[in-house]
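I opened my notebook on this one to jot down what I looked up, entry by entry. Have a look at the model first, then read along.

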Amino acid sequence: MRVLLLGKSGLLGSEFPSLLTQAGIEFLAPSHHELDVTHFDEVDRFMAREYFDKIIYCIAYTDVDKAEMERGLCEQLNVKALENILTHKRPIVHFSSEYVFNAPANVAVSEETKREPINFYGETKLRAEQALEKSGVSFWNIRTSWLFGTGKENFVTRILKKSLEEDVIEVVADQVGRPTYAKDLAEFVFRHFILSTLESGHYHLQNSGDGISWADFAEYFLQKRGWQGEIRNIASTDLIRPARRPLNSLLRNTKLPEVLRNWHEAVDEFLSISN
Ligand SMILES: NC(=O)c1ccc[n+]([C@@H]2O[C@H](COP(=O)([O-])OP(=O)(O)OC[C@H]3O[C@@H](n4cnc5c(N)ncnc54)[C@H](OP(=O)(O)O)[C@@H]3O)[C@@H](O)[C@H]2O)c1
């Protein structure tokens, strides 16, 4: 098997090279600099030259607030670049987000729930999903949320850093979700969608366990770190941010045979290996 990994410098993409190497799978992982996916001609020439059995597509425009202003760039990366890759008709693992939905609080959305994004990033992720559906290519679209890990800055690393400088940290308390450890997600995806093949379609994957608000999540890992400060709960509406967020980020998996471990365990492991 020969795999193309795109987005290897990202939070999630950076988890795959060691998995591929350990399994002895031949792969190419061009950097952004080596292959800019928005340069369609270059991508076409590259794809005509190389053969791949599967693509792991971890590229995306992921800055949800900036996306409202940089709409062209976000669309180019999340939709157009993917559509171009799909013209090469290779089976693809793609990642999407709970932001394609806008379900009421505390109702877990299943794979078939009606998609109705409320911000531009979510709209582009929905259009990416529709491009996969129309492509005629075998695809595994993994919707996930609240990623944390060692590969790139994220909510956990940002709050940990803040806690070194501040005694009071304001965190949104009215959005509920489940954190997902990039390492766990990548291992699962590798086992179930690269080494073996489930039916083409949409899948929901988060670490398991009870839903939690951003504020309670921050409280959890800061307490574990022995922080003596105060988490001050605020409402999403207290923050002036360009992009609206759904209040509910709980995804219900009705299709996968196993689930990821409890997020508490995953966060504890992450804290034990990060400073
Ligand atoms: N992070 C989350 O909480 C979250 C939640 C739900 C779903 N997701 C989805 O999960 C997937 C992975 O997200 P992530 O957080 O790991 O993303 P990320 O850390 O922002 O990484 C994005 C990757 O895309 C690459 N890239 C950007 N523009 C490119 C271009 N023009 N050509 C080639 N490469 C380019 C980046 O390379 P450079 O760094 O070199 O530019 C980087 O490797 C995405 O589909 C995202 O929508 C993420």
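I started with burial: 41% of the 275 residues of the protein chain count as buried. By that I mean that 20 or more other C-beta atoms lie within 10 Å of a residue's own; exposed is 12 or fewer, partly exposed is in between, and C-beta atoms are placed from the backbone. This is a predicted model, in which local features need pLDDT of at least 70 and side-chain atom pairs count only at pLDDT 80 or more, while totals for chains, interfaces and linings use all residues. I number residues from 1 along each chain as its sequence is written.

**Overall shape.** I checked the radius of gyration, taken over C-alpha atoms, against the globule rule of 2.2 Å times the number of residues to the power 0.38. For 275 residues a compact globule would come out near 19 Å, and the protein chain has 19 Å, which agrees. The C-alpha trace spans about 55 × 35 × 35 Å along its principal axes. I also looked up contacts (C-beta atoms, placed from the backbone, within 7 Å). Among those between residues at least 6 apart in sequence, 81% join residues at least 24 apart.

**Elements.** I found 9 helices and 15 strands in the protein chain. These are DSSP runs numbered from the N terminus, with helices (H or I) of at least four residues and strands (E) of at least two.

**Strand S5.** How many residues of S5 (residues 139-144) are buried? I got 6 of the 6, so the strand is largely enclosed by the rest of the structure. Phe-139, Asn-141 and Arg-143 cover one side, and Trp-140, Ile-142 and Thr-144 are buried on the other. S5 pairs with strand S4 (residues 92-97) in the parallel sense over 6 bridges; pairing here takes at least two DSSP bridges between the strands. Ser-96 has Arg-143 of S5 as its bridge partner.

I then traced an open sheet of 3 strands, ordered S12-S8-S14, with mixed pairing. S12 and S14 (248-249) are at the edges with a single partner strand each, so one side of each has no neighbour in the sheet. S8 (residues 176-177) pairs with S12 in the antiparallel sense over 2 bridges, and Gly-177 stands opposite Ile-212 in S12.

**Helix H8.** In H8 (residues 214-224) I listed Trp-214, Phe-217, Ala-218, Glu-219, Phe-221 and Leu-222 as buried. What do they pack against? My list reads helix H6 (155-165), strand S7 (168-172), strand S12 (212-213), strand S13 (230-234) and helix H9 (263-273). Just after H8, Gly-226 takes a positive phi of about 80°.

**Ala-81.** This residue sits in helix H4 (residues 71-86). Ala-81 is buried, with 23 other C-beta atoms within 10 Å. Not counting residues up to four places away in sequence, Ala-81 touches Val-37, Thr-38, Ile-59 and Gln-76.

**Core.** The largest nonpolar core has 74 residues, and Leu-6, Ile-56 and Tyr-57 touch the most other members. Such a core is a set of buried Ala, Val, Leu, Ile, Met, Phe, Trp, Tyr and Cys residues joined through C-beta atoms within 7 Å. Beyond its neighbours within four places in sequence, Ile-56 is in contact with Val-3, Leu-5, Leu-6, Phe-16 and Val-93.

**Ligand.** Last, I looked at the 22 residues around the ligand, of which Gly-10, Leu-11, Leu-12, His-32 and Ala-60 come nearest; the cut-off is a C-beta atom, placed from the backbone, within 6 Å of the molecule.

Definitions and conventions
Contact = placed C-beta atoms within 7 Å.
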